[in-house]
Amino acid sequence: MSKITIIGTGNIGLSLAKGLVKSGAYPASAITLTRRSLSALDKERQEGFGVSDNNAAAIEAADIIVLAVLPQQLRKVMEELEPTIGAHQLIVSVVSGVSCADVKAILGSTIPVVRAMPNTAIAIGQSMTCIATDNASEQQLEQVQQLFETVGAVVVINEDLMTSATALCACGIAFFLRSIRAASQGGVEIGFHAHDALKMAIQTAKGAADLLLQTQNHPESEIDKVTSPKGCTIAGLNEMEHNGFSSAFIKGIKLSAAKAGGLYNE
């Protein structure tokens, strides 16, 4: 069984570790978590995970090394790891805006690197994770795919689309949450108590997503089923479009993609 070290155990790293154990794919003892403050990992230590505040020492026995730090911290972390790392180890980077080439520029051109972009729904095993590589083998890519399938769905994409995936899937969580929040506020304005309006908006959004996942239909075909001539649904949809709903959403995604591409070098 592979041994995994997760460098930088914040929300994404911790959720991946717990998802791997919960799925039965790995025991906690096969996973080492690193963090600058070891006291923050007391609970995980009690659950059987290895813990360390020394990144270089933590990767010595690892087959897979997951880089899960902030983009601004990554260069320093990689410089710590470089003397210890070997070509037999697989690097998985979940750091926004950092290319495989950026990683290999510091860790060495022979190191296999796979980029992965999960989102915060990884915490409940419902992430949409995109993965890409420029030099890892098909077998290594498949191994990473299996890792992230324990915490949601996975799509393999070309690396030049990774910043776009960040905007659509990682930032996208916030965009859909904001739309649910807006729907609940609309519900309050038309007469519901805030807690009821929020519950109704959340379940309606969940139902819409599940409807598409399970039927594999296009959103417009499902919209057609609920828009009758001169009806209230088409009136509401058209009012939103007149005020730029789709346009604003698209422009937000485009701006997030542009911003995601520059995080590492800022």
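Exposed, in this talk, means over 50% relative accessible area, buried means under 20%, and partly exposed is in between (1.4 Å probe, protein chains only). Lys-225 is exposed by that rule, at 62%.

Some ground rules. This is a predicted model, where local features need pLDDT of at least 70, side-chain atom pairs count only at pLDDT 80 or more, and totals for chains, interfaces and linings use all residues. Residues are numbered from 1 along each chain as its sequence is written, and side-chain values use heavy atoms, with hydrogens and water left out.

Domains next. The chain is assigned domain 1 (2-156) and domain 2 (163-259); such bounds come from an automatic or database domain assignment. Their centres, over C-alpha atoms, are 33 Å apart. In contact (heavy atoms within 4.5 Å) are 9 residues from domain 1 and 6 residues from domain 2.

How much area do domain 1 and domain 2 bury between them? About 550 Å², with 74% of it on carbon and sulfur atoms. Buried area here is the accessible area (1.4 Å probe) that two parts lose on being put together, summed over both. On the domain 1 side, Met-117, Asn-119 and Cys-130 lose the most area to domain 2, together 55% of what that side buries.

What about charge? The side of domain 1 that touches domain 2 has 5 nonpolar, 4 polar and no charged residues. For those classes, Ala, Val, Leu, Ile, Met, Phe, Trp, Tyr, Cys and Pro are nonpolar, Asp, Glu, Lys and Arg are charged, and the others, Gly among them, are polar. Between domain 1 and domain 2 there are 0 salt bridges. A salt bridge needs a side-chain nitrogen of Lys or Arg within 4 Å of a carboxyl oxygen of Asp or Glu.

Overall, that rule gives 8 salt bridges. Take Asp-134 and Lys-104, with N and O 3.0 Å apart. Asp-134 sits in the loop between β7 (127-133) and α6 (138-149), and Lys-104 in helix α5 (residues 100-107), so the pair ties together parts 30 residues apart in sequence. Helices (H or I, at least four residues) and strands (E, at least two) are DSSP runs, numbered from the N terminus. Asp-134 is partly exposed at 41%; Lys-104 is buried at 16%.

Back to Lys-225. Its salt bridge partner is Glu-222, at 3.1 Å, N to O. Both lie in helix α9 (residues 219-226), 3 residues apart, about one turn. Glu-222 is buried, at 13%.

Last, a network. Salt bridges link Lys-18, Lys-43, Glu-44 and Glu-47. Within that group, Glu-47 and Lys-43 meet at 3.2 Å, N to O. Glu-47 is partly exposed, at 38%.
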